[in-house]
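Visitor: I would like to go through this model and ask what stands behind each term. Please show it first.

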Amino acid sequence: MIRLSIPLRQALARLSLPLMIAAAFGVMLLGKADALLAERLRSHLADALSPIYAALAEPMGAVRNAVEEVQALAQLREENAILREENERLRRWQAAALALESENELLRRQLNFLPEAAPAFVTARVVADGGGTYARAVLLATGPQHAIRKGQVALDERGFVGRVTEVGSRSARVLLATDMNSRIPVTLESSRARAIMAGSNGARPRLSHWPEGVMPVEGERIVTSAEAGAFPAGLPVGVVRVSPQGAPEVELFARLDRLDAVRLFDYGLRGILPPESVARPEPRPGRR
């Protein structure tokens, strides 16, 4: 190994940068002066370096694949930990549900509980909006074989829609919960307080007549109340929304603006309506 003196190495260090710049300019000038020669030099240089690139590409690819494998294993480990935690949480919920089911069954046996029979219902298609004496009502097409009567509860797939107020031979009218003539006894699910949901011909009925000391809370669920025997308890109605004026309103679960069909449930309740077996007129002789 050739040993250089310290002054010589310092001189070479100072000259290296100018020499590299001069070489770069020389190559540029050569490329401008003789393009064919420059192209030939680049080809020879590429031919000389290509085996080196090929030799380095394989280990670099192996290293890259190894890094990706390690990252994938780390991600799988995190996902496995999350799934284990979720599985453990579901097991706890399952145990709690089974315990509550057992306790509920025990209490039912002790109280000689009689389960309520499932209500009968028919599905009717909405054929017209409005009409009649109400501003917010829909007209249903019904068949003569359907025993529809006044007071039956109309629900869509989300919740409470209204109740039947008029019955014809092939049609029925449902007064929607948003009509200003509608008054529905409801329960504030969190506080269990009773209130009245009154329609206003707007999109959201208003709440009124809740007990003193209780205030409807934003987002609180509203269900029907069995007060007065007009509706069964617990039917989903909507959630409380406080208006900009501070008045509690109800955002209904049911989509009253896009009703295509509703289900009419007969809970056997007469409520405030006069008892009537079948409200539809008897078919005339000779008519179908």
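Visitor: What makes Leu49 in helix α2 a kink?

Guide: The bend at a residue is the angle between axes fitted to the seven residues ending there and the seven starting there. At Leu49 that angle is about 35°. The kink lies shortly before the proline Pro51, in a helix that covers residues 35–111. Asn112 follows α2 and has a positive phi, near 55°.

Visitor: How do you know how many helices and strands the protein chain has?

Guide: Helices (H or I, at least four residues) and strands (E, at least two) are DSSP runs, numbered from the N terminus. By that rule the protein chain has two helices and 12 strands.

Visitor: How far can the model be trusted?

Guide: This is a predicted model, in which local features need pLDDT of at least 70, side-chain atom pairs count only at pLDDT 80 or more, and totals for chains, interfaces and linings use all residues. Residues are numbered from 1 along each chain as its sequence is written, and side-chain values use heavy atoms, without hydrogens and water. The pLDDT, the predictor's confidence in each residue from 0 to 100, averages 83 over the protein chain. Over residues 274–288 the pLDDT is below 50. Where pLDDT is low, the predicted coordinates should not be read in detail.

Visitor: Which residues touch the most other members of the largest nonpolar core?

Guide: A nonpolar core is a set of buried (under 20% relative accessible area, 1.4 Å probe, protein chains only) Ala, Val, Leu, Ile, Met, Phe, Trp, Tyr and Cys residues joined through side-chain atoms within 4.5 Å. The largest has 37 residues, and Met197 and Leu207 touch the most other members. Strand β4 (residues 160–167) gives the largest share, four residues.

Terms used:
Contact = heavy atoms within 4.5 Å. Buried < 20%, exposed > 50% of the residue type's maximum accessible area, 1.4 Å probe, protein only.
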